[in-house]
Amino acid sequence: MAITSIIGGQWGDEGKGKIVDILSENVDIVARFQGGANAGHTVIIEGNKIVLHQIPSGILHPECKCILGNGMVVDPVGLFEEIRMVEDQGIETANRILLSLTTHIVTPIHKAIDKTSEDATNQKIGTTCKGIGPAYMDKITRKGIRAHDLLDLPSLKQTIDHRLSEAIKNNEVSKSAVNQINADLKQFYECVPAIAELVSDTFQYLHSIIHQGKNVIIEGAQGTLLDIDHGTYPFVTSSSPNNGGITTGLGIPQSHLDRKIGIFKAYTTRVGKGPFPTELFDGDGDKLGKLGHEFGATTGRPRRCGWFDGVAARYSCLVNGFTEIALTKLDILDNFDEIKVCTAYELDGKLIKNFSEVIYKLDQVTPIYESLTGWSNPVENIDHIDNLSNRAGQYIHFLEELVDTPIKLVSSGPERHQIFTREIS
Ligand code: IMP
């Protein structure tokens, strides 16, 4: 039996979808525990690109069931469309997607509030406008709608009517947006019956599967640096995309997690606003963005790009207690003669090695880099990635020493087969 968690170590978009897809081949369940349609997990199978937003990446393996856990905020309209998209690809979904009774629901009102508050503020977060923050806000203020509410449509309509009146009264949405919200609500109600069929007691089911000793993968969305508590607040998402969030978001104690994999890109990217110490504004940044196809899978926005930030990554390993790392997109660095890695920050003449010390003033730090020589071969052609006589191997070794966590998987391209497993004793 193994329960494996797969968590983003940076600001999201680390390539979690591909790693979940590869590791879920002989897995009974893939479960998500936080976030919602703000996620965009891209998997490429034989050149065919599939982007999943709410359905766990395990859906691509026919024997695997997928749980949308209580810690998520689920948009029924998006989920309905995503199920159709997946079925159009020839993937059977019947009886394979389970939505927790207590998962909170995103309505068109939440999406409108998200947009209104982003438009109105001077301190823009750059949200995905998928209604994530407003839905979590309603959850925390104890007026949220949960998946079991989808089972009683007349009562659901009453609750939503009341919430819309309140949103208008409190100027959470503009009056001009109300017609569109009502049109979107019509579509929302059309999707409700199909989504209501997915609702069940996933807590009991998950624990019975664990009790039977079956294999489970827990799939994180976003990344640790976007965590509401441990991230670069306020430029974060509204959930806990770290291992700690699994306990509340699925009801699985930490002691059940056998393998905790942190996913890190071989460099760093960020979408939306907020500090990013190693961000590059030069040709190298453009090159990373271009070669890495760095555009948000959900919003299409260009991702900001920079070198690997070892200070942030070490912090992320501490927050999560990763037992190992999967390093993705190493092939993108094939094209660089010199590769830099941030090993510390400098602030007011002081050397900073602890991310937590400066987390509230990251925009003031200067990264201190160590330079490594690039490798001239495509990394995909290397026989033994752990061979330290090659420079790609040296780069990996340098990173794992820096973050004090073994790198056991290395992805060298978007396809399923483009992956190295490193033997580390
Ligand atoms: P929200 O999650 O839509 O509220 O957005 C809050 C912040 O998290 C914004 O900076 C988004 O760009 C960022 N964000 C949300 N989801 C993702 C993701 O899946 N990948 C990367 N960034 C994300």
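Visitor: How far is the sulfur of Cys191 from the closest cysteine sulfur?

Guide: The partner is in Cys66, and the gap is too far for a bond. This is a predicted model: local features need pLDDT of at least 70, side-chain atom pairs count only at pLDDT 80 or more, and totals for chains, interfaces and linings use all residues. Residues are numbered from 1 along each chain as its sequence is written; side-chain values use heavy atoms, with hydrogens and water left out. The distance from Cys191 to Cys66 is 19 Å.

Visitor: How many disulfides are there?

Guide: A disulfide needs a pair of cysteine sulfur atoms within 2.5 Å. By this rule the count is zero.

Visitor: Which cysteine has the sulfur nearest to that of Cys66?

Guide: Cys66 is in no disulfide. The nearest cysteine sulfur lies 4.9 Å away, in Cys64.

Visitor: Is Cys191 buried or exposed?

Guide: Buried means under 20% relative accessible area, exposed over 50% (1.4 Å probe, protein chains only). Cys66 has 0% and is buried. Cys191 has 5%, so Cys191 is buried.

Visitor: What is the volume of the largest cavity?

Guide: A cavity is a set of points on a 1 Å grid where a 1.4 Å probe fits but cannot get out. Points join across faces, edges and corners, and the volume is the space filled by probe spheres set on them. The whole structure has one cavity of 30 Å³ or more. The volume of the largest is about 30 Å³.

Visitor: Which strand and helix each supply at least two residues of its lining?

Guide: Lining residues have an atom within 4 Å of a point; among them are Phe264, Phe308 and Ala313. Helices (H or I, at least four residues) and strands (E, at least two) are DSSP runs, numbered from the N terminus. The two suppliers are strand S15 (324-328) and helix H11 (391-403).

Key. 1 Å grid on protein atoms, 1.4 Å probe; cavity = no way out; pocket = protein on both sides within 12 Å on 5 of 7 lines; lining within 4 Å.
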